[in-house]
Amino acid sequence: MSVSCLIVLNKASTLKVVSKYGPCIDETGDQKASNVPSIAEILLQDQLRMKSIRARLSMNSGSGKFEEMQTTIPASQIPNGGAYVVTVGLGTPKREFTLLFDTGSVLTWTQYGSAQNCSSSNTCNYMVEYGSGSTSGFLATETLTITSSDVFENFVFGCGEQNAGTFDGATGLLGLGRLEGIALPSQTTNKYKNIFSYCLPSSSSSIGYLSFGDDVSHAAKFTPISDTGNFYVLDMVGISVGGRKLPIDTSTFTTIIDSGTTFTSLPSKAYSAISSAFQEMMTDYPSIEVPSNLQPCYDFSNHSNGNFTLPKISIFFKGGVEVEIDDSGILAPVNGMTMCLAIQGGDEDLAVFGNYQQKTYEVVYDVAKGMVGFSPGGCS
């Protein structure tokens, strides 16, 4: 696999996005995560995260800042979940921190003692729980530096005092969810207008970006955010495989777009429909049974040069928005040249559009207008 850790950032308020499991993490000055998770471990973390998302959805999210900080913030699955990190500055003079960025969490936090002046001025506490540990601490304020020209004083963030687990490849989290006065888009709205976008690279050996402000692609097509809570809830209206629309009633489930969930999860009927249609169009390749929750799987050992054809898979959202999944987001390597459809079955009334299927798109979050947009070829 070729490595391309260079990217030209043409937007002013932009950070490099790298995988904490890939060689480009060296660009941040941090060490690569020591253990790359297996497919089974990623799926387990996805399941734990979806369990947390479901719990939050049932709580009437967004009812108040203090109440939100008292509850469990969604399992960002540190250290084993969301794989994408950015580097920001905290303190005066600034000190750089590599943080996982997460559209499903509202609070930016780092380990206690990492940031200068990480001292409590009040008794507002928080707790984050995740699959392999937890962190809890107190809220504080500090100067946040996105770029040399984008500096924000009195930025509210969390100082983690009790950290159980290994923060492998990251020192905390950048919260990009929706909560007035706490989430980063809200705290920086005077400059960035409550707008941000990102492009996740096609592989762990290349670089994407996280950008703030309204300098976004004019080619982006937008779909409305259909909920007022902390998550970005979208109206999925259809799925197609090989250009054929599948008979799926999308009105029976809620769809969340989430940067911290890896593989897209669909309710059983939708998952069965997409899996069956995919198998029908992959008869030229030998199928194989493997112990994985990702199905169907195929043996591509006779196509090690990558010369095989995949059926087009598209997700449709309200407003005439079609997201055609990039080839890099259709199959997941399980073992050598054994690859499986990178979509999993999940809860009956919840779908999560994961980061694996978002790769190479510029995904635009216009929080102020209540819209999410998609533009293909966003990392180029």
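**Briefing: annotated aspartates, an open sheet and aromatic pairs**

D102 is placed in strand β4, which covers residues 95-102. The structure is a predicted model, and D102 is one of two positions, the other being D258, that UniProt lists under "active site" in an unreviewed entry.

- D102 has a relative accessible area of 2%, which is under the 20% limit, and so D102 counts as buried.
- The side chain of D102 makes a polar contact, at 2.5 Å, with the side chain of R49.
- D258, by comparison, lies in a loop, namely the one between β16 (254-257) and β17 (264-266), and with a relative accessibility of 0% D258 is likewise classed as buried.
- When neighbours within four places in sequence are left aside, the residues in contact with D258 include D102 and R49, and R49 is also the residue whose side chain makes the polar contact with the side chain of D102.
- Also in contact with D258 are I53, T103 and G104, together with V352, F353, G354, N355 and Q358.

**The open sheet**

- An open sheet is formed by 3 strands in the order β18-β22-β21, and the pairing is antiparallel.
- Because β18 (297-299) and β21 (331-335) each have a single partner strand, they stand at the edges of the sheet, and one side of each is left without a neighbour there.
- From one strand to the next, the twist averages 35°.
- Strand β22 (residues 338-341) is joined to β21 by 4 bridges, and the two run antiparallel; in this pairing N335 stands opposite T338 in β22.

**Aromatic pairs**

- The count of aromatic pairs in the model comes to 17.
- One of them is the stacked pair of Y192 and F212, whose ring centres are 5.1 Å apart and whose planes form an angle of 20°.

How values were computed:
Residues numbered from 1 in each chain as written. Predicted model: local features only at pLDDT ≥ 70, side-chain atom pairs only at ≥ 80, totals over all residues. Heavy atoms only, no water. Pairing = 2+ DSSP bridges. Axes fitted to C-alpha atoms, helices over the stretch in contact; angles between N-to-C directions. UniProt positions renumbered as here; feature names shortened; annotations may be inferred. Buried < 20%, exposed > 50% of the residue type's maximum accessible area, 1.4 Å probe, protein only. Polar contact = N/O pair within 3.5 Å; in protein donor to acceptor, adjacent residues only side chain to side chain. Contact = heavy atoms within 4.5 Å. Phe/Tyr/Trp six-rings, centres within 6.5 Å; stacked < 30°, edge-to-face > 60°.
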